[in-house]
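This report walks through one protein model, strand by strand and residue by residue. Look at the sequence and the fold below before reading on.

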Amino acid sequence: MKRSLSQYLSNSSSLRGLPLQFPRLYVPGTVGVLLEHPLECPPLSPEQLASIGKSEVTTITRHIDSRWLESARNGYFRFGTIKGYAPKDKALNVGRFSDYQEGVQLSTYRTRSGFFHDFQTGAGGGLKNIGVIGAEHPVVVEFSVNDFCSCSSVGKFDIERARTLRAKGNPTLGAYVSYDLQALVRALEFLITRNASTRGYAVIGRTIEYGSKDKHWQIEERFRLDKHRDPIAIWLSTAFIKSPAYQHEEEYRLLLIDPRKPGQLEGREMIEFKHGSIVDAIVDMGEF
């Protein structure tokens with residue numbers, strides 16, 4: 001994966017001046033040191049939830065396997081998880097960076113000298129007194145997030161979009177269900193209050209943005225990561241930004257989150273709802 005050095009500019013307070021023009025002494029796409037760092041977001045206030053979930057979208061369309069059309073007709077609605085999509089993304093995009101991987105954002109770091117005298121990631125983690133040569137991305141921190149997730153497309157059913165979705169890695173798709181978005185969200189908000197495991201949860205939705213979610217920084221040899229990150233911004237960009245390779249999906253994403261710890265879902269792979277109020281939110285359905 002080739003990136004110009006100008007992309008290593010950042011707004012970090014540790015960065016001063018323009019980056020040096022390094023000769024290509026690395027293997028493209030390689031990583032020197034990878035540090036895993038599960039994201040820890042602070043609780044979200046009602047005001048933050050409201051601002052995150054603002055949308056002008058009125059209708060969304062889910063594309064599904066024809067086997068599940070009758071269940072959907074009867075008010076069945078399923079949330080998977082963000083991490084649940086990751087194995088599929090990795091299989092379709094072997095060797096890619098996290099721009100192609102659900103639930104992951106990579107931040108890459110390099111110094112002018114190639115040495116990292118004191119690189120701290122918080123909670124006692126980090127690197128001391130090492131040099132990295134031969135890798136395009138000397139030090140990479142992998143942030144990971146997970147929430148319940150449901151993926152649809154913006155607007156009413158479109159046959160050409162549906163055929164493109166099926167042709168690009170989704171061979172089992174053969175049916176669709178379109179929903180009035182506000183009615184669907186109201187139904188889900190009512191149903192989560194009736195389920196002990198989701199009481200206190202919130203439904204938020206946004207149109208997916210397409211672009212690079214990986215971040216590239218040039219830093220000083222002494223650097224503390226905790227002072228240069230915004231966990232809520234990282235959570236949002238990881239959950240709601242995807243590679244332009246997926247732009248044909250025109251995705252609208254619903255998340256079911258615990259506002260007390262957004263992005264930190266563990267031990268669950270899906271949650272299902274079935275109710276007449278979901279049936280009432282359906283505006284169109286069929287096969288293609």
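## A pair across two strands

Thr108 stands opposite His216 in β12. Thr108 is one of the β4 residues that point one way from the strand, along with Val104, Leu106 and Arg110. Five bridges join β4 to strand β12 (residues 215-219), and the two run parallel. Strands pair here if DSSP finds at least two bridges between them. Helices (H or I, at least four residues) and strands (E, at least two) are DSSP runs, numbered from the N terminus.

The model is predicted: local features need pLDDT of at least 70, side-chain atom pairs count only at pLDDT 80 or more, and totals for chains, interfaces and linings use all residues. Residues are numbered from 1 along each chain as its sequence is written, and side-chain values use heavy atoms, with hydrogens and water left out.

## Overall make-up

The protein has seven helices and 17 strands. Its 288 residues include 51% that count as buried. Buried means under 20% relative accessible area, exposed means over 50%, and partly exposed lies in between (1.4 Å probe, protein chains only).

Strand β4 is mostly covered: eight of its eight residues are buried. Gln105, Ser107, Tyr109 and Thr111 point the other way from Val104, Leu106, Thr108 and Arg110. Tyr109 has Val139 as its bridge partner in β7. Leu106 has Glu142 as its bridge partner there. Strand β7 (residues 135-144) is mostly covered too, with ten of its ten residues buried.

The side chain of Asp214 reaches the backbone nitrogen of Leu106 at 3.2 Å. Asp214 lies in the loop between β11 (209-210) and β12. Asp214 counts as buried, at 4% relative accessibility.

## Cysteines without a disulfide

How many disulfides does the structure hold? It holds zero. A disulfide is a covalent bond between the sulfur atoms of two cysteines. The cut-off used here is a pair of cysteine sulfur atoms within 2.5 Å. The sulfur of Cys149 is 3.7 Å from the closest cysteine sulfur, in Cys151, and so too far for a bond. Cys41 is buried, at 7% relative accessible area.

Cys149 sits in strand β8 (residues 148-154). Its relative accessible area is 0%, so Cys149 is buried. Beyond neighbours within four places in sequence, Cys149 contacts Phe79, Gly80, Thr81, Ile82, Tyr85, Arg253, Leu254 and Leu255. Cys149 and Ile82 are 67 residues apart in sequence, yet 5.7 Å apart in space, C-alpha to C-alpha.

Helix α5 (residues 181-192) has twelve residues. From first C-alpha to last, α5 reaches 16 Å, close to the 16 Å expected at 1.5 Å a residue. That expected span is 1.5 Å times one less than the number of residues. At the start of α5, a side-chain oxygen of Asp180 comes to within 3.2 Å of the backbone nitrogen of Gln182. The buried residues of α5 are Leu181, Ala183, Leu184, Val185, Ala187, Leu188, Leu191 and Ile192.

Thr59 lies in strand β2 (residues 59-65). Thr59 counts as buried, at 14% relative accessibility. Leaving aside neighbours within four places in sequence, its contacts include Leu181, Ser178, Tyr179 and Val283. Ser153, Val154, Gly155 and Lys156 are also in contact with Thr59.

## A partly exposed glutamate

Is Glu70 buried or partly exposed? Glu70 is partly exposed, with a relative accessible area of 45%. Helix α2 (residues 69-73) holds Glu70. Glu70 and Gly286 are 216 residues apart in sequence and 9.9 Å apart in space, C-alpha to C-alpha.

Definitions and conventions
Polar contact = N/O pair within 3.5 Å; in protein donor to acceptor, adjacent residues only side chain to side chain. Contact = heavy atoms within 4.5 Å.
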